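Notebook open, model loaded. I want to jot down what I looked up, in the order I looked.

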Amino acid sequence: MILAAPVTEVTVFGLSSGAVYALLALGLVLIYRTTGVMNFAQWAIGLMGLVVYVVLTNLGVPGPVAAVIGMTSAVGGGVMAYRLVFRRITGSSQIIVILISIGIAQFFSSLAAFALGFEQFTRLQPWLPIVDWHVGSVAIRSSEIITTVTAIGVAFGFLLWFRMSRTGRALRAVAQNREAAMLAGIDAVRYSSIAWGIGSALGALALLLVLPHSAGEQGGLITVFDVTPFGTLLIPAFGAALVGGLVHLPMALVGGFVFGLSRELLVLAPQPWSEFRNSIAAILIVFLLLLRTERFFASRQELEALGG
Amino acid sequence: MRTEAVLEAAATAPAEETLTEGKEPRPRWRLTRAQLISAVALLGLAALPIPFGDFGFFVGQYALIYAIVGLSVVVVTGYAGLISLMPYSFAGIGAIVVGVAMASWGWPFWLALPLGAVATAPVAIFVGITSVRLKGLYLAIATLTFSNALGETFFKWDAATGGAAGWLVERPVVGPIDFGSDVSFYVLCLVALGLFVWMIEGLRTSRVGRAMLAVKDNELEAQALGINVYRTKLVAFVLSGLVAGFGGGLLALLLTTVTPSAFQSPLAEATSILLVTLVAIGGMDRAIGPLFGAVALVVQQQVFQGAEFFFAFVGIYAAVVLIIFMMYRPGGIVQAGKRLIQVTKERPALGLALWATILITNVGGSWLFLALS
């Protein structure tokens with residue numbers, strides 16, 4: 001017999017972590033579609049933004065301001081990575097591109113480790129209000145609700161902008177056919193930079209939403225496990241992107257919630273099944289990979305253009 | 001003298017570069033120049049840690065074992081063109097199995113090491129089967145996921161891994177040789193690495209190895225040539241698992257304690273990245289590559305382990321070197337070294353100047369950092 005209260009609490013938590021996966025996944029898909037690079041450095045570039053946030057809040061800058069500056073610096077990191085490296089390797093084999101993107105991940109995570117000073121734990125100040133709301137017997141933390149709402153808002157705003165705005169149209173054109181877009185007078189390099197910038201900002205926002213609020217009222221912690229090239233959240237983010245075949249943005253958003261909810265809701269499952277909580281993401285990813293989800297969302301021609 | 005050298009180079013070059021049939025049979029007892037050079041290089045390498053004492057041998061063992069595990073990346077990525085981001089997980093299986101076999105069952109090390117290598121086979125076969133369906137990027141994500149899943153299942157299985165305490169492994173004493181001392185264990189690692197390099201380099205020109213290279217080049221063409229792509233990929237992963245598992249077993253013996261936490265996510269992924277990085281820097285498509293990469297990375301990493309600033313510096317340095325090599329010299333140090341030797345032959349003055357610059361920047365740089373820390 002499952003009580004109502006834990007179900008609600010767990011669902012809220014699942015939604016908030018799903019929203020974070022969705023943000024990471026949207027960034028991955030945007031960059032992959034526009035430039036054909038799977039950004040293994042998504043986490044590490046986001047980490048860079050978080051480090052800027054830590055440094056600024058320690059200096060006494062108010063949290064939300066520091067968060068915005070942190071996101072901006074992540075944009076800088078992403079655009080730099082594209083301009084200095086990925087722009088120059090178009091046409092290289094896919095292994096080379098993957099290795100370089102891993103190199104970028106290592107670069108930024110080492111930089112972050114250096115800036116954080118190699119502590120086992122680094123304390124983070126929260127920048128969202130943390131209050132426990134009690135509705136009947138259910139306790140819901142405000143930061144989780146804000147995280148979910150912010151992430152969904154940002155994601156929908158981004159999708160709408162991608163569909164409607166002039167820049168969004170140009171981005172879609174570059175994603176669909178780079179050569180044709182260039183012939184039509186679209187500056188592919190400029191729009192690829194924009195994609196890298198937005199993708200990195202989404203990554204930084206995801207980290208800024210989850211890590212500073214991970215430990216309740218004391219704020220949050222960055223552990224040594226977070227300061228690695230592929231932090232713990234990048235794998236579910238890959239899974240979320242795979243729900244959309246790595247190319248479909250709205251499905252990546254859905255995928256984020258699939259991964260977030262499945263992980264958290266398994267807590268409620270009876271004993272042998274709840275053990276799968278930590279490996280559910282891996283199981284789902286293998287399933288999605290073997291399903292080859294990309295063929296539902298992209299034509300063979302588009303996939304070949306992406307180098308797959 | 002000079003013409004002789006040129007003639008000999010001309011005679012040996014085709015055997016190395018292409019597979020021409022019907023070359024002159026050469027007397028068995030005569031060493032080729034390449035063999036002589038590698039023998040001298042091996043001896044030089046064996047002597048390299050001597051001036052640094054015990055610490056030098058410890059770092060040397062680390063580098064050699066990482067080079068052995070790196071060879072698994074050469075087989076699977078360099079030869080067969082399949083990207084694998086889980087070499088350290090394979091090494092972890094080898095290490096844990098050696099730990100169980102020696103600490104719990106009391107097996108001797110010469111039985112435990114092969115068992116550790118073979119124990120990777122089930123996972124390797126599974127990954128190999130997946131790699132038939134998944135290519136490039138998708139395989140990269142899959143192997144990353146497998147590494148994560150192994151960390152959540154096998155490496156959290158207390159009965160096998162010995163829990164948080166891990167397994168205590170004693171280094172063996174074989175006859176008069178006590179492998180408890182760092183010097184003898186270093187020599188053991190060196191011999192193991194030499195054997196593996198010899199085998200993996202031989203694999204490249206063997207039937208299976210050429211099939212792998214063909215699959216890497218173009219899968220459809222390889223199939224049209226009658227190569228069984230499915231079997232080739234499977235063999236590549238099983239071989240890479242064997243090598244990595246053996247290296248992992250040696251790592252267990254080196255550390256004398258095996259704890260599973262090193263193989264759990266995300267530390268396993270981070271170390272796998274380091275391994276792939278060092279292989280890519282050294283040169284993915286030749287068996288000697290990982291050794292160069294290990295010397296370039298692991299030595300720095302171990303030397304600067306204590307000094308935090310420099311430890312981060314090694315991460316940044318490794319990343320920058322990797323990116324620059326992949327952008328301009330994807331063949332790594334092996335390719336760059338070949339080009340440098342060629343330049344030295346054509347324009348000795350320029351070549352010598354380049355060698356001197358490399359030597360001075362490396363030695364001077366290391367000295368500067370050691371002096372500063």
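Is A:Glu264 buried or exposed? I looked it up: A:Glu264 counts as buried, because its relative accessibility is 5%. My cut-offs: buried is under 20% relative accessible area, exposed is over 50%, and partly exposed is in between (1.4 Å probe, protein chains only).

Ground rules, before I go on. This is a predicted model, where local features need pLDDT of at least 70 and side-chain atom pairs count only at pLDDT 80 or more, while totals for chains, interfaces and linings use all residues. Residues are numbered from 1 along each chain as its sequence is written, chains are lettered from A and ligands numbered from 1 in the order in which they are written, and side-chain values use heavy atoms, with hydrogens and water left out.

Entry: salt bridges. I count one when a side-chain nitrogen of Lys or Arg lies within 4 Å of a carboxyl oxygen of Asp or Glu. Over all chains, the structure has 7. A:Glu264 pairs with A:Arg263 at 3.5 Å, N to O, and with A:Arg277 at 3.1 Å, N to O. I take helices (H or I, at least four residues) and strands (E, at least two) as DSSP runs, numbered from the N terminus. Both arginines are partly exposed, A:Arg263 at 24% relative accessibility and A:Arg277 at 23%.

Next I went to chain B. B:Glu201 forms a salt bridge with B:Arg286, with the closest N and O atoms 2.8 Å apart. These two are 85 residues apart: B:Glu201 belongs to helix α9 (residues 182-205), B:Arg286 to the loop between α13 and α14 (289-303) of chain B. B:Glu201 is partly exposed at 23% relative accessible area, whereas B:Arg286 is buried at 17%. Back in chain A, shared partners join A:Arg263, A:Glu264 and A:Arg277 into one network.

Entry: chain B overall. I find 17 helices and 4 strands there. Of its 373 residues, 49% count as buried. Chain B exposes about 18000 Å², with 68% of that supplied by carbon and sulfur atoms; the areas come from the Shrake-Rupley method with a 1.4 Å probe, and for residues only the protein chains shown count as cover.

Entry: the interface. How many residues does each chain bring to the contact? I get 42 from chain B and 43 from chain A, where contact means heavy atoms within 4.5 Å. Together the chains bury about 4000 Å², 82% of it on carbon and sulfur atoms; that is the accessible area (1.4 Å probe) that two parts lose on being put together, summed over both. In chain B, B:Arg133, B:Leu137 and B:Tyr138 lose the most area to chain A, together 17% of what that side buries. I looked for salt bridges across the interface and the rule finds 0.

Which elements give two or more residues to the chain B side? They are α6 (121-133), α7 (136-152), α13 (267-282) and α15 (308-328) of chain B. The largest share, 12 residues, comes from α7(B).
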